[in-house]
Amino acid sequence: MEVTMSDKSVESILDRCSSAWRDVGIDETAVSDMRTELESHLREAAAAGKNAETVVGPDVLAFANAWAASKLGPEAVQLRSAADRGRALSGSHGSTGRLMTVVGAIVGVAVLAVLFGRTDDTSNQDAWTWSYFVAAGVLAVGEIFTAAFFLLPFAIGAAIAGVLALIGVHPWALLAVFAISSGFGLWGLQRWAQRDADEQHPVGANRIVGMRAVVTESIERRHGVGRVRMETEDWRATTDLDAAIEPGTEVLVTEVRGTRLVVVPLP
Amino acid sequence: MEHSSQLLKGVLDMCLLALISEEPSYGYEMVDKLQQRGLALVSEGSIYPLLSRLQKKGYIQGYFVESSGGPPRKYYRIEADGKERLIEWVEEWHRVSAGVSEVLNGGDDE
């Protein structure tokens, strides 16, 4: 245990508290305010020669979670059920922005091709048109059979190139349109698919931390474990705080420790 | 848990509200004032959940004030609802502590 607080240990405490607060769903503005308030206290305590434990107690995480619980509670605006967390996470990653980028890139390239890529040499134009449409068809069928969202962007790219070939765009420009459309489409789709896998359905601890539960068997740190009911699930639970939590109390899950939940009471 | 800290737990929010009603104050300063008046906290940071709840109930309002040579300090000032609640709590405290004294003194009049 350190005797006095170094700058590094202050930063470390602030970082650990900030992530704990974010984990249980406290919004960024509140996290920032709480961090500032804690930093001010820690620095003033350090200047007076106090150690960290004097301020945050022996367990930093328990301290952070107790403060977090007081910020949340029945009157809180956010309800951190698993579905809401998934929606919030996916929304914040700008999926609309990505879609706009892909559409914008494709439209932009197509417009450029039409404006600058026209050719007067129509001898092979029909061949190109048919080639691209056939390619689009083959790729689309391939996409249906593989369902990997990999061939789809190429199918769309080929279709767009085919349409532009119809109106007389030069083969080189067609190739550029095909390549760029497919590339952007692939990028946009891959990001969307990954987001869907990672965050739409959070699993394990990510899903559970921040959820509410109700105590069914008394929880006291020194006397082993109690039980809580979380949605339809029955879990064994413990707490890092000193006070016992009585049955019927609504609690917030702050950690998953092995097969047990760590909880703090909500006011 | 230490018995004295358990006792303090029951009245700490009232004490914080009382300090804030004297003059606007910030966390570290409140801990300091409590210590000066003879109340020691197991962990100084334990006031923050209490301040958060007092603010949620509308008894106090927090606001940041720039501080030279350090991060901004969050001061709290008392609101009208807080002043009312404080008076109720203090009356309640006097009643309870008088009752406790009576019990401890063995009920002289009985």
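This report walks through some salt bridges in a predicted model.

## Ground rules

Local features here need pLDDT of at least 70, and side-chain atom pairs count only at pLDDT 80 or more, while totals for chains, interfaces and linings use all residues. Residues are numbered from 1 along each chain as its sequence is written, chains are lettered from A and ligands numbered from 1 in the order in which they are written, and side-chain values use heavy atoms, with hydrogens and water left out.

## Salt bridges in chain A

Over all chains, the structure holds 18 salt bridges (a side-chain nitrogen of Lys or Arg within 4 Å of a carboxyl oxygen of Asp or Glu). One of them joins A:D7 and A:R43, at 3.1 Å from N to O. Because A:D7 sits in helix α1 (residues 7–23) and A:R43 in helix α2 (residues 28–47), this pair ties together parts of chain A that are 36 residues apart in sequence. Helices are DSSP runs (H or I, at least four residues), numbered from the N terminus.

How open are these two? A:D7 is exposed at 56% relative accessibility, while A:R43 is partly exposed at 25% (exposed is over 50%, buried under 20%, partly exposed in between, with a 1.4 Å probe and protein chains only). Both also belong to a salt-bridge network with A:E11, A:D15, A:R35 and A:E39.

## A pair in chain B

Over in chain B, B:E22 and B:R37 meet in a salt bridge at 2.9 Å, N to O. B:E22 is in helix α1 (residues 3–22) and B:R37 in the loop between α2 (27–36) and α3 (47–56), 15 residues apart. B:E22 is partly exposed at 48%, and B:R37 is exposed at 52%.

Terms used. Helix = DSSP H or I, 4+ residues; strand = E, 2+ residues; numbered from the N terminus.
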